[in-house]
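Open the model in a viewer and keep the sequence panel beside it. The stops below say what to select and what is there.

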Amino acid sequence: MARVKLIVDKEDVAPEHHALFDELATLRGRISGPSTVVLHSPGLARPWNQISEYLHKESVVEPEHAELAVCATAREKDCGYVWNAHVPLALKAGVPAETIDAVRDRRPAADLPAPARTVVRYVQQLLRTNRVESVVFDELLSAHGPQWMVELTAWIGRYGALAGILNAFEVTHAAPAHVLPTVARSAETPATVRAPLATPRVTPITRRDQVAEAHRPVFDAVAEGRGGIRGPFPMLLYSPVLCRRHLDVGTFLRHGSQLKPESRELAIIATAREKDCPYVWAAHAPAARKAGVGDGAVIAVRDRADLAGLPSAERDVIDYVRQLLQSNHVAQPLFDQLQAQRGVTWLVELTCLIGHYGIVTAILNAFELAPAPGAESLPLAQ
């Protein structure tokens, strides 16, 4: 049973949000899956949903590769809902049942035929080790190009975020036809994580003339909001429409959500730590301190230290991020405590923020974007 009331009927939202409910319900005939949770934050629901609409209707990633990546992500995130929803779509797209079974059972990706082997390895490496081997990245890049790579990475990050919502709020499929069994993980995470490569794997888009004229308003929107093109945007601009939709979600989370700056920035650096992302750490650790996060909390996150001595408001946010990203689950006492203290909408927005920065860190890690020299460093041998 889900941990909160799921929004499935128009009467579940305030009258001023009925038009939004109708809009989202029309897309798929009903409100289901993660939308039943995200609608607890109506201001977030539309931009959040528009990323999925782009991926499913406009992405250059072929359905066979996209659905295989989604299934592999569901396996890594132990998300039965996504697995059950997307196995039929993968089969329809032409993914062999034997390939799906191998992903389900966590069999070695090396045993799969190409190109499925490389797609699954890309997903597994990115989600297990927060890095992708050059041979895997380069094989996909040479076959498909930068926009395809950006969008494949977005598929993975996006469904990692959706799995986080479904897992944290314990949303299960009513009648699963494709059960995702519990299978032990292999010990593949390295003792140390290497620093980003010296140069990005794809030429960053940082100048307006690198973007087709029709998409220059997207470039301008990114540059205006951030004073330049940085973070994941030099890569996301290879897919301008997706970039715009990603920007809209980030804008809401920064300026429209119930999350106060201290909670938001603390959750971001905790996500950066779990994702071993020096770029996000360098950008947001100073922002966290400026927002009022105690230095003890920043150090505890950086060093993966015990949280017992921290104030409860900081301890609980860090613990929520750690549980969700390390175990794909949040313990009931912590969930209940945060819900009672902050409310459902706050908790939905926190979970979506973690998922959003899962996409950000996936882009930065996969494409090897490093922080500026001299920026605050994130130790990686932890």
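Helices here are DSSP runs of H or I of at least four residues, and they are numbered from the N terminus. The model is a predicted one.

**Whole chain**

Along the principal axes, the C-alpha atoms fill a box of roughly 50 × 50 × 45 Å. Colour by accessibility next; 54% of the 382 residues count as buried. If contacts are drawn between residues at least 6 apart in sequence, 72% of them join residues at least 24 apart.

**The loop at aspartate 78**

Select aspartate 78, in the loop between helix H4 (63-76) and helix H5 (80-93). Its phi is positive, about 50°, although the residue is not a glycine. Aspartate 78 is partly exposed, with a relative accessible area of 29%.

Cysteine 277 is in no disulfide either, its nearest cysteine sulfur being that of cysteine 243, 17 Å away. Cysteine 277 also counts as buried, with a relative accessibility of 1%. Over the whole structure, a search finds zero disulfides.

Go to helix H6, where threonine 99 is placed. Threonine 99 is buried, with a relative accessible area of 3%. Show its surroundings, leaving out residues up to four places away in sequence: threonine 99 touches Leu68, Leu112, Pro113 and Ala116.

Proline 115 is in the loop that runs between helix H6 (97-104) and helix H7 (116-129). Inspect the peptide bond from alanine 114 to proline 115, which is cis, with omega near 0°.

**Tryptophan 155 in H9**

Select tryptophan 155 in helix H9 (residues 146-168). It counts as buried, at 2% relative accessibility. Beyond its neighbours within four places in sequence, tryptophan 155 is in contact with Leu55, His56, Ser59, Val61, Ala66 and Val70. For a distance label, pick the C-alpha atoms of tryptophan 155 and threonine 73: they are 9.0 Å apart in space, while the two residues are 82 apart in sequence.

**The nonpolar core**

Which members of the largest nonpolar core touch the most other members? Of its 131 residues, they are Trp48, Tyr122, Phe137, Phe169, Tyr320, Leu350 and Phe367. Select these side chains together, then centre on phenylalanine 137. Leaving aside residues up to four places away in sequence, phenylalanine 137 touches Tyr122, Val132, Met149, Arg201, Val202, Ala366 and Phe367. Two of these contacts, Tyr122 and Phe367, are themselves on the list of core members given above.

**Helix H18**

Now select helix H18, residues 344-367. At 1.5 Å a residue, its 24 residues should span 34 Å, and the end C-alpha atoms are 35 Å apart, which agrees. H18 is mostly covered, since 23 of its 24 residues are buried. After the helix comes glutamate 368, with a positive phi near 65°.

Serine 41 sits in the loop between helix H2 (35-38) and helix H3 (42-58). It is buried, with a relative accessible area of 2%. What does serine 41 touch, not counting residues up to four places away in sequence? Serine 41 touches Phe252, Thr345, Val348 and Glu349. Show the side chains of serine 41 and glutamate 349, which are joined by a polar contact of 2.6 Å.

**Last stop: asparagine 328**

Finish in the loop between helix H16 (312-327) and helix H17 (332-342), where asparagine 328 is placed. Asparagine 328 has a positive phi of about 60°, although it is not a glycine. With a relative accessibility of 8%, asparagine 328 counts as buried, the cut-off being under 20%.

Definitions and conventions:
Residues are numbered from 1 along each chain as its sequence is written. This is a predicted model: local features need pLDDT of at least 70, side-chain atom pairs count only at pLDDT 80 or more; totals for chains, interfaces and linings use all residues. Side-chain values use heavy atoms; hydrogens and water are left out. A disulfide is a pair of cysteine sulfur atoms within 2.5 Å. Buried means under 20% relative accessible area, exposed over 50%, partly exposed in between (1.4 Å probe, protein chains only). Helices (H or I, at least four residues) and strands (E, at least two) are DSSP runs, numbered from the N terminus. The expected span of a helix is 1.5 Å times one less than its number of residues. A nonpolar core is a set of buried Ala, Val, Leu, Ile, Met, Phe, Trp, Tyr and Cys residues joined through side-chain atoms within 4.5 Å. Contact means heavy atoms within 4.5 Å. A polar contact is a pair of N or O atoms within 3.5 Å; within protein, one must be able to donate a hydrogen and the other to accept it, and residues adjacent in sequence count only if both atoms are side-chain atoms.
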